Amino acid sequence: MYGLVNKAIKELIVSEHGEASWQRVRTAAGVDVDEFIRMEQYPDSLTYDLVAAASEELGVPPVKVLEVFGGHWVKYTGQQGYGDLLDMAGATLFDFLENLDALHTRVGLNMDKLRPPSFEVEDRTDHSLVLHYRSVRDGLAPMVTGLLKGLAEKFGVAVDVTLRDSKSDGADHDVFMVALK
Amino acid sequence: MSELGLSAAHFSRAFPFHFVVDDDLRIVQVGATLSRLLDTDPVGHALSRFFTVEQPAHVTASYETFRDKPNSLFIFRSEDGVRLRGQLCVDETARRVFFLGSPWVGSAAEVRARGLGITDFALHDPILDFLFTLNALRTAVADADSNAKRLADTKNALLAVIFSLNHDLKAPLNTIVGFARAIEEDVEESVLDDVPMFTQRIQEQCHRLQDLVGNLLALTNHGDGGAPETIDFPALFSELRGLLTATKHPVELQFEIGHASRLVVNRTKLFHSLLNLVSNGIKYRDEAKPTQSVVVRTADSPKSDALTIVVQDNGVGMAADQLPKIFEMFYRCKGPAQAGSGMGLYLVKAHVQSMNGEISVESGPEGSAFTLQFPLVPPEAVAGDG
């Protein structure tokens, strides 16, 4: 994963639980980097180790850590110089989700080792849609749930997010139902 | 190659910022996004009403000049500053000039300011990717900047440690060497009465050095300065008094505890900071005054969200123009001959800041007062910090 992701995890832990908490997580995860370079590629295992250590430190399941991180990711990238680019990507939550794939493709031009997730919108109506999430990485579906909720908050709407098909239950990929409340 | 046409609708989708003018330079067709950008349907109006040619410079807009410049990069500029960058294609049979291009922008913020979004651009148009690239570049430069700054801070902190070490090591080593020579002489002369006192002094200085080595890591801001702990002020002050009265001086030391809150910081850094400030008070005492004193006083801030420690002396004080500089590295106040390394207050400030505190100073002929202020951690946050 790119440093931007790891830096976001660090920022989340530091802002919510303090620097000391982050240092404990980092040490427990066996990560010797403290200042991540955002445009630099780091091994995926480092990110997974950080999530596992954060779960241990904060006493919440990894799934919950990922979900909270998903929500934080929206705010974080918004503050890290991607705010205008995100704003350009859609005026409503559903428009944004339709453009999410293209957004990752464009980011990929400058991050040549990026293996971005893919998001495909299907069956869009005024108040609901089906979102297909495909990733070469396993176990990150909870992050997408958090991401969708964080995005809904950004666009000032409330949503119900349901995982219809789950890759961990044998489905080809994760499929989310997103419905406006 | 066969002639293939593209309907106006498709053409508009493929080139959302294009326009077509006739040989009078009247607009006959315009891309959907451009029309929105101009806030009006420009078809039928003169091009000059909306755009002037910015590049190539010195070109007077006319059908003929446009026709003769198919290989030039054109930038058209609207009255309110929209710049379109692209090229001209001329259909000489129909006497029409096509402008194909897109906005010439340097940041996503500019695009947003025009009310445009991703879907307003053609998918084949790389201008948005260019914005992403610029963003990536800015990110990389910002990271490089912040890392450079951190390295500079680390370097200064290490320098500070080295200078402080140099200073703190010299005095005890000189004393040890001196007493060792004295013992040597006494042994040669077989007068051993003072030897126990000399070895006692040597041991004292060795203890000082041991303490110093023990505190070394705490001196570096980036090293492991030890975990924050709840400060036991009576014990801290008693230790300070012990150390500061080891050498003889006429300065009266007072320690007053006036706070009720709980301070959780790195004890070694706090100790080192107070030691430095009180030592300065002793060093810069005013012999002309009838009594000399240094008072260390703690208090809760009026809003109870911070704890302050004031170190106040009635010494010689500092001139107003010195005050802004005293926390700089290597700055030395003019004063007694035993002037220091110029590192003391720099280190104090670095320590206080690394404990999330602030330090300020007031000074005049009546003496100096340094105020350290530490924000208090809410009790519930401290409780969970086992």
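**Helix packing and interface**

Analyst: This is a predicted model. In chain A, helix α4 (residues 62-88) packs against helix α6 (residues 141-154) at an angle of about 45°, and their axes are 7 Å apart.

User: Which residues of α4(A) and α6(A) make the contact?

Analyst: On α4(A), they include Leu66(A), Phe69(A), Gly70(A), Trp73(A) and Val74(A). On α6(A), Met143(A), Gly146(A), Leu147(A) and Gly150(A) are among them. By class, this contact has ten nonpolar, five polar and six charged residues.

User: How many residues of chain A and chain B are in contact?

Analyst: 20 residues of chain A touch 24 residues of chain B. The two chains bury about 2100 Å² between them, 60% of it on carbon and sulfur atoms. In chain A, Leu85(A), Met88(A) and Arg106(A) lose the most area to chain B. Together they give 38% of what that side buries.

User: What makes the pairing of Asp129(B) and Arg106(A) a salt bridge?

Analyst: The cut-off is 4 Å, from a side-chain nitrogen of Lys or Arg to a carboxyl oxygen of Asp or Glu. For Asp129(B) and Arg106(A), the N to O distance is 3.1 Å. That is within the cut-off, so the pair counts as a salt bridge. The count between chain A and chain B is two salt bridges.

Definitions and conventions
Residues are numbered from 1 along each chain as its sequence is written. Chains are lettered from A and ligands numbered from 1 in the order in which they are written. This is a predicted model: local features need pLDDT of at least 70, side-chain atom pairs count only at pLDDT 80 or more; totals for chains, interfaces and linings use all residues. Side-chain values use heavy atoms; hydrogens and water are left out. Axes are lines fitted to C-alpha atoms, for helices over the stretch in contact, and angles run from 0 to 180 degrees between N-to-C directions. Helices (H or I, at least four residues) and strands (E, at least two) are DSSP runs, numbered from the N terminus. Contact means heavy atoms within 4.5 Å. Ala, Val, Leu, Ile, Met, Phe, Trp, Tyr, Cys and Pro count as nonpolar, Asp, Glu, Lys and Arg as charged, and the others, Gly among them, as polar. Buried area is the accessible area (1.4 Å probe) that two parts lose on being put together, summed over both.
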